[in-house]
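Student: Could you walk me through this one? I have not looked at it before.
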Amino acid sequence: MQFGPFKFEMRGVSPRRVTSLDEWRWPSTERLSGESAIQFLGRGPGEVTMEAVLFPLHRAGHSESAIDRLRMLGDAGTPLPLIRGDWRMIGWYGLASIEQDHSYLDQRGRPGMVALLGSWTRFGADGPGGGVSGFFGL
């Protein structure tokens, strides 16, 4: 997996599980006589969640600084391509959240394992000609 320039890999932040959620918006409107009416408003925001793990005390290349680099991409506030390991582009996403769980602490308080839960939200198209091309003015 890759998010913009950040690569998830076995020598660094090792992905264990990836889940995705897509939804379509169908809000309902109450009517005076009869059943509620629904209207299709398009695709809702999609979400991708990834579980990953680091072993900073036991594996070379497993450094918590990798998570700091990922945070910097989130701070930039720019959607980036999310790409699978087989080079299939999933879409353009913005980093929404990072959750960490530090465990197996040594005598100095350093974690032997860091579990990471990252969440990305899809940067959706805004009508015909929207989406990424509209974002970059193409």
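This is a predicted model: local features need pLDDT of at least 70, side-chain atom pairs count only at pLDDT 80 or more; totals for chains, interfaces and linings use all residues.

Tutor: Residues are numbered from 1 along each chain as its sequence is written, and side-chain values use heavy atoms, with hydrogens and water left out.

Student: What order do the strands of the open sheet have?
Tutor: The seven strands run β2-β1-β9-β10-β11-β8-β3 with antiparallel pairing, where strands are DSSP runs of E with at least two residues, helices are runs of H or I with at least four, both numbered from the N terminus, and a pair needs at least two DSSP bridges.

Student: Which strands stand at the edges?
Tutor: β2 (6-7) and β3 do, each with a single partner strand, so one side of each has no neighbour in the sheet.

Student: And what packs on the sheet?
Tutor: Helix α1 (residues 65-76) does, touching β1, β2, β8 (47-54), β9, β10 and β11 (111-122); contact here means heavy atoms within 4.5 Å.

Student: New topic: which strand gives the most to the lining of the largest pocket?
Tutor: β3 does, with three residues; a pocket is an open set of points on a 1 Å grid over the protein atoms alone, where a 1.4 Å probe fits, with protein on both sides within 12 Å along at least five of seven lines, and lining residues have an atom within 4 Å of a point.

Student: Which residues line the largest pocket, then?
Tutor: Among them are Met 1, Val 18, Asp 22, Arg 84 and Ile 90.

Conventions: Axes are lines fitted to C-alpha atoms, for helices over the stretch in contact, and angles run from 0 to 180 degrees between N-to-C directions.
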